Amino acid sequence: MSKNRMEAFSDGVLAIIITIMVLELRVPHGADLAALLPIIPVFLSYVLSFVFLGIYWNNHHHLFQIVQNVNGRVLWANLHLLFWLSLIPFVTGWMGENDFAALPVALYGIVLLFAAIAYFILTRSLLSIHEDDSALAIALGRDFKGKISVVIYLLSVPLAFVSAWIAGGLYIAVAVMWLIPDQRIERTLS
């Protein structure tokens with residue numbers, strides 16, 4: 001099965017998710033800098049989520065540069081990933097509107113956790129239809145960053161109830177870790 005339609009669909013869904021997020025940013029009722037203060041938490045949560053969606057789009061794009069084909073299982077795994085990513089605008093808005101309160105921050109982490117698990121399932125589904133010595137298998141390797149991300153999210157969710165700022169710092173740490181595109185795939189393609 002060709003991968004092109006799945007890639008185009010995924011790109012479209014991610015573009016819509018980002019559009020929904022930016023439309024949630026409300027214009028302040030005032031023309032001075034003080035009018036911007038109340039929307040700072042909403043803007044900060046938007047920036048964090050935009051970065052995460054950009055990371056997912058970038059790594060999804062890299063992943064499918066090396067993939068030879070897809071099957072129905074891969075299509076469902078990809079939809080599973082898109083489901084969790086589609087919840088990001090909701091948790092982003094809830095977290096920002098409530099000044100990073102514990103429960104919204106924890107739920108944000110749960111969505112990030114399940115998106116990371118979904119991405120892992122997608123990679124395993126792809127590996128199942130490629131040879132053990134394929135370029136994909138070689139490029140993915142042990143996937144340390146993917147596994148450590150899941151561990152960090154698992155820790156951050158309960159930590160949100162201790163300190164939402166610590167949990168937020170852990171989310172930022174994961175984002176920083178993933179800002180550089182997955183070099184394993186680029187090296188394998190070279």
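## Accessibility classes and the Trp 84 pair

A residue counts as buried under 20% relative accessible area, as exposed over 50%, and as partly exposed in between. In this predicted model, Phe 114 has a relative accessibility of 33%, so Phe 114 falls into the partly exposed class. Trp 84 is buried, because its relative accessibility is 16%.

These two residues form an aromatic pair. The centres of the Trp 84 and Phe 114 rings are 4.8 Å apart and the planes make an angle of 20 degrees, and the pair is stacked. Trp 84 belongs to helix H3 (residues 72-86) and Phe 114 to helix H5 (residues 102-128), so the pair ties together parts that are 30 residues apart in sequence.

## Other aromatic rings

A pair of aromatic rings is described by the distance of the centres and the angle of the planes. With rings of Phe, Tyr and Trp counted as paired if their centres lie within 6.5 Å, the count is nine aromatic pairs. One of them joins Phe 43 and Tyr 46: the ring centres are 6.5 Å apart and the planes stand at 35 degrees, so this pair is tilted. Both residues lie in helix H2 (residues 40-66), three residues apart, which is about one turn of the helix.

## Packing of H1 and H3

Helix H1 (residues 4-23) and H3 have axes that come within 10 Å and cross at roughly 5 degrees. H1 is therefore roughly parallel to H3, since angles under 35 degrees count as such.

On the H1 side, the contact consists of Met 6, Phe 9, Ser 10, Val 13, Leu 14 and Ile 17. On the H3 side, these residues meet Val 74, Leu 75, Asn 78, Leu 79, Leu 82, Leu 85 and Ser 86. By class, the contact of H1 with H3 holds ten nonpolar residues, three polar ones and no charged ones.

## Packing of H2 and H5

The axes of H2 and H5 are 12 Å apart, and the two helices pack at an angle of about 0 degrees. H2 is therefore roughly parallel to H5.

From H2, the residues in the contact are Leu 48, Ser 49, Phe 52, Tyr 56, Asn 59, His 60, Leu 63 and Phe 64. They meet Tyr 108, Leu 112, Ala 115, Ala 116, Tyr 119, Leu 122, Thr 123 and Leu 126 in H5. The contact of H2 with H5 divides into twelve nonpolar residues, four polar residues and no charged residues.

## His 60

His 60, in helix H2, is buried, because its relative accessibility is 6%. Apart from neighbours within four places in sequence, His 60 is in contact with Ser 10, Asn 78, Leu 81, Tyr 119 and Leu 122. Among these partners, Ser 10 and Asn 78 belong to the contact of H1 with H3, while Tyr 119 and Leu 122 belong to the contact of H2 with H5.

## Thr 188

Thr 188 is found in helix H9 (residues 183-189) and is partly exposed, with a relative accessible area of 27%. Beyond neighbours within four places in sequence, the contacts of Thr 188 are Ile 66, Ala 135, Ile 138 and Ala 139. Thr 188 and Val 157 are 31 residues apart in sequence, and their C-alpha atoms are 35 Å apart in space.

## Positive phi in two loops

Most residues other than glycine have a negative phi. Phe 100 is not a glycine, yet its phi is positive, at about 60 degrees. Phe 100 is placed in the loop between helix H4 (88-97) and H5, and its relative accessibility of 15% makes it buried.

Asp 143 likewise has a positive phi, near 60 degrees, without being a glycine. Asp 143 is in the loop between helix H6 (135-140) and helix H7 (144-159). With a relative accessible area of 8%, Asp 143 is buried.

Technical notes
Residues are numbered from 1 along each chain as its sequence is written. This is a predicted model: local features need pLDDT of at least 70, side-chain atom pairs count only at pLDDT 80 or more; totals for chains, interfaces and linings use all residues. Side-chain values use heavy atoms; hydrogens and water are left out. Rings of Phe, Tyr and Trp (its six-membered ring) pair if their centres lie within 6.5 Å; planes under 30 degrees apart count as stacked, over 60 as edge-to-face and the rest as tilted. Helices (H or I, at least four residues) and strands (E, at least two) are DSSP runs, numbered from the N terminus. Buried means under 20% relative accessible area, exposed over 50%, partly exposed in between (1.4 Å probe, protein chains only). Axes are lines fitted to C-alpha atoms, for helices over the stretch in contact, and angles run from 0 to 180 degrees between N-to-C directions. Angles under 35 degrees count as roughly parallel, over 145 as roughly antiparallel, 65 to 115 as roughly perpendicular and the rest as oblique. Contact means heavy atoms within 4.5 Å. Ala, Val, Leu, Ile, Met, Phe, Trp, Tyr, Cys and Pro count as nonpolar, Asp, Glu, Lys and Arg as charged, and the others, Gly among them, as polar.
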